[in-house]
Amino acid sequence: MEFQRLSVKDHSKMRIGIIVSEFNETITSRLLEGARDALLEAGIRSENIDIKRVAGAYEIPQAALRMAKTGTWDALVALGCVIRGETSHYEIVAHESSRGITEAAMSTGIPISLGILTTENTEQALDRSGGIQGNKGAEASLAAVKMAILFQEIDID
Ligand code: INI
């Protein structure tokens, strides 16, 4: 996905929350690094980036909903990694985490982007977290910023 360069001036006051899961930490730390770097490059101030950690992808929507309800953040970024080979309840964790994020975003009106990898194996996860397929954490963080800008524009109109 291509993202147009975002100017520093437009959103230097924007506050972004990141929820990152500790399960598959090798991968999620790479997603987090990509997300932070992309936010900083987009002009979000480091003091306006807040990182909250949860145990696994299943817990992400619970924290996201709680955070979204405070109204503190203009947008949230959900980062996690669910690998099919590692769990018999892959389908449940993968499905419920994305379903819960959608529900939290829709019920609060706060944009929450989906940076939760669902892969067949670790290699695919590495490819998508700073490997040959890019970094989905970076993509998700820029999607969140773009949604926050869009919502500000809509509110002004
Ligand atoms: N959580 C993940 O984020 N990724 C996984 O691949 C995973 N697996 O394999 O089970 C996983 N499980 C933990 C789950 O998210 C919850 O933390 C746990 O069920 C406690 O509620």
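In which segment is S12 found? Select S12 to begin the tour: S12 sits in the segment before β1, where helices (H or I, at least four residues) and strands (E, at least two) are DSSP runs numbered from the N terminus.

**Before selecting further**

This is a predicted model, in which local features need pLDDT of at least 70 and side-chain atom pairs count only at pLDDT 80 or more, while totals for chains, interfaces and linings use all residues. Residues are numbered from 1 along each chain as its sequence is written, and side-chain values use heavy atoms, with hydrogens and water left out.

Colour the chain by pLDDT, the predictor's confidence in each residue on a scale from 0 to 100. The chain averages a pLDDT of 92, and 92% of the residues score at least 70. Residues 1–5 are a stretch to treat with care, since pLDDT stays under 50 there, and where pLDDT is low, the predicted coordinates should not be read in detail. For residues 1–5 the model has 8 contacts beyond four places in sequence, a contact being heavy atoms within 4.5 Å.

**S12 and its surroundings**

Return to S12, which is buried, with a relative accessible area of 17%; buried means under 20% relative accessible area, exposed over 50%, and partly exposed in between, computed with a 1.4 Å probe on protein chains only. Leaving aside neighbours within four places in sequence, S12 is in contact with G43, R45 and N48. If you then draw a distance from S12 to S88, 76 residues apart along the chain, the C-alpha atoms are separated by 43 Å.

**Salt bridges**

Next, show the charged side chains. A salt bridge here is a side-chain nitrogen of Lys or Arg within 4 Å of a carboxyl oxygen of Asp or Glu, and by this rule the count comes to 6 salt bridges.

Select R15 and D50, whose side chains meet in a salt bridge with an N to O distance of 2.9 Å. R15 lies in the segment before β1 and D50 in strand β2, so the pair ties together parts that are 35 residues apart in sequence. R15 counts as partly exposed at 30% relative accessibility, whereas D50, at 16%, counts as buried.

Move on to R84 and E91, which form a salt bridge whose closest N and O atoms are 3.0 Å apart. R84 is partly exposed, with a relative accessible area of 34%, and E91 also counts as partly exposed, at 48% relative accessibility.

Then select K136 and E139, whose side chains meet in a salt bridge at 3.6 Å, N to O. K136 and E139 both lie in helix α5 (residues 136–156), 3 residues apart, about one turn of the helix. K136 is partly exposed, with a relative accessible area of 27%. Salt bridges that share partners also join R84, E91 and E120 into one network.

**Helix α2, face by face**

Which residues of helix α2 (residues 60–70) are buried? Select I60, P61, A63, A64, M67 and A68, which are the buried ones. Seen down the axis of α2, these buried residues fall within an arc of 160°, so they line one face of the helix; the arc is that of the directions from the helix axis to the C-beta atoms. The buried residues of α2 pack against β1 (16–21), β2 (49–54), β3 (75–83), α3 (90–108) and β4 (112–119).

Now turn the view to the face of α2 directed away from its buried side, which carries the exposed residues R66 and K69. R66 counts as exposed at 68% relative accessibility. The C-alpha atoms of R66 and I132, 66 residues apart along the chain, are separated by 34 Å. Just after α2, select G71, which takes a positive phi of about 75°.

**α2 beside α3**

Display α2 and α3 together: their axes come within 8 Å and cross at roughly 10°. That makes α2 roughly parallel to α3, a label for angles under 35 degrees, while those over 145 count as roughly antiparallel, 65 to 115 as roughly perpendicular and the rest as oblique. Axes are lines fitted to C-alpha atoms, for helices over the stretch in contact, and angles run from 0 to 180 degrees between N-to-C directions. The contact is made by I60, P61, L65, A68 and K69 of α2 and E96, S97, G100, I101, A104, S107 and T108 of α3.

**Last stop: N24**

Finish in the loop between β1 and α1 (25–41), the place of N24. N24 has a positive phi of about 60° although it is not a glycine, and at 16% relative accessibility N24 counts as buried.
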